[in-house]
Amino acid sequence: MGDAGKLKLLFTGVCLASIAHAEPALAPTFAHDIAPIVYQYCAPCHHPEGAGPFPLLSYKGVKKHARQIADVTRSRYMPPWLPEPGFGDFAGERRLSDAQIRTIQEWVRRQAPQGPTNEIPPAPRFADGWQLGIPDLVLKASRPFSLPASGPDVFWNFILSPDIKKRRYVRAIEIRPGSRRLIHHANLLIDRTRSLRTREPTPGAGFPGMELTIERSVFDLESHFLFWKPGSLPYVEPDGFSWILDPGNDLVLNTHLQPSGKQELEQPSVGLYFTDKPPTHFPLLLQLEHDGALNIPAGDRDFAVSDDFRLPLDVNVLAVYPHAHYLGKLLEGYAILPDGSRKWLVRIPNWDLNWQAVYRYRKPVFLPKGSVISMRFHYDNSADNPRNPNQPPKRVRSGNRASDEMGHLWLQVLPCGAGDRRRELAEAWMRHQVEKYPNDFSANLGLGALALARLDAAGAASALGVAVRAKPEDPIAHNLFGAALQTLGRSPEALDQFRIAVREKPGFVNARYNLAHALVKSGKLDEAIENLREIVAAYPNDQAARDYLAQAVAARSRLASENK
């Protein structure tokens, strides 16, 4: 190479080096570049009434925390958004782009310039009260809960009792904490049988617990995510997707509370927004899980559990809610379509229980019949996991305490086709549960009830027999098992089941009515009349019960006359 060539290469290298270190022509400013990012992604929590520890609604406030903002956005700790991009298209995504993060870093490096004050966009405004306006009904916890100043997170449940006289259709809820920044997130659960009241030491006091099992009819299928966290706008159900609230229903507010450094009282309120439009679309909450396989040895860095469920019909997936506790690391949910291709539903490479959320898709995700929905959850029970609650690590099993583990992938799915097709999908899921856990109480109870509704008494008795053995104290299982046995002509055994149901739950009117009917058929009129009188005393306006009582009394009189 000649000298001219060498000089040319040397000159080119110098030019490129100079360009690489040159400052951009226009430095980012708060007015033009930073305010739009902060106002959209940070301010929903960082405002005077929000959950964030300081407001970010002005140049002065943002500049004061500029270095901190640069650090937490570079690490992607803030804004909190767990799903990995490209593995599900979610509405309301609060994940910063790489370009936005670079802009923040450059702005801080250049000493956080303000830019023209008259070009700063107006700060967002947040309602002081209810975000959707005044609710149609406000429910406030009857007693406050005293949250300790320090210690571990607390999971506390408040039972709320709506005073309504007729069926209402709910289109939205909003949860308002009594004290700012105490409730990290909350779920609202519908308890149609008021079964959780028995867990309160005194009425209105509430009770602890992270995961709840509500006694419900097998035909009362869970359908909506009623999830809330600070900084999120209340979700308004589209027309046709309202949910039903009946007189006598309880609502249970399951809250995740975090100590603030001082003892405080928390007394939350829930606002309900009604619509006159009844539901015409019927989604179902479908749960994949394999908690039975959760037995994580101390020190295991990559313990995996999985579950796979084949869809019996076409569905649209509307939302997804992954859930694990503190050892969760990599959480994946996807579907393998009939053609063998994979469709991702969600992937979270760095799970953090503190930032769990329901993720709703921008557009429903269609999955055809025969698709296999899969969850693959990985756990880290090593000392290197900074979220491990046990140091040194110890063996962790599944359970309802925060120190236990869980692995759930909840999906809100809408079966395709006209009408309510939830039972068809729910039955397939129940059969899947029984394949995993042959003695599963809830799945066998559901399958038995469905078989009984189809007049398949033999199939019902088979499943319900498993259910009563799995949970011998459950009155619903005994009542349904008795009904199946009665249909099969096994009256003495049916009587035993009805008697157990009434003994376990004296106020169980349906079981008492079945018992009275079986007693009449068995000629045990005195005992039948005793039970019918209790039903009439509890429900004096039930004309059918009154008529049946009169018929039983008349039959006893006739029998007494004939025996004279």
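Which element gives the most to the lining of the second largest pocket? Strand S4 does, with six residues.

Some ground rules. This is a predicted model, where local features need pLDDT of at least 70, side-chain atom pairs count only at pLDDT 80 or more, and totals for chains, interfaces and linings use all residues. Residues are numbered from 1 along each chain as its sequence is written, and side-chain values use heavy atoms, without hydrogens or water.

Now the pocket. Its volume is about 1,200 Å³. A pocket here is an open set of points on a 1 Å grid over the protein atoms alone, where a 1.4 Å probe fits, with protein on both sides within 12 Å along at least five of seven lines; lining residues have an atom within 4 Å of a point. The lining has 45 residues, and closest to the centre are Lys229, Gly231, Ser232, Leu233 and Pro234. Helix H2 (30-41) and strands S4 (168-176), S7 (227-228) and S18 (359-367) each give two or more residues. Helices are DSSP runs (H or I, at least four residues), as are strands (E, at least two). By class, the lining has 23 nonpolar, 10 polar and 12 charged residues.

Next, the helix pair. H11 (residues 509-521) packs on H12 (residues 525-538) at about 155°, axes 8 Å apart. Angles run from 0 to 180 degrees between N-to-C directions. The two are therefore roughly antiparallel, a term for angles over 145 degrees. Contact means heavy atoms within 4.5 Å. Among the H11 residues that meet H12 are Tyr513 and Leu519. The contact has 10 nonpolar, one polar and three charged residues.

Terms used
Points joined across faces, edges and corners; volume = space filled by probe spheres on them. Nonpolar A, V, L, I, M, F, W, Y, C, P; charged D, E, K, R; others polar. Parallel < 35°, antiparallel > 145°, perpendicular 65-115°, else oblique.
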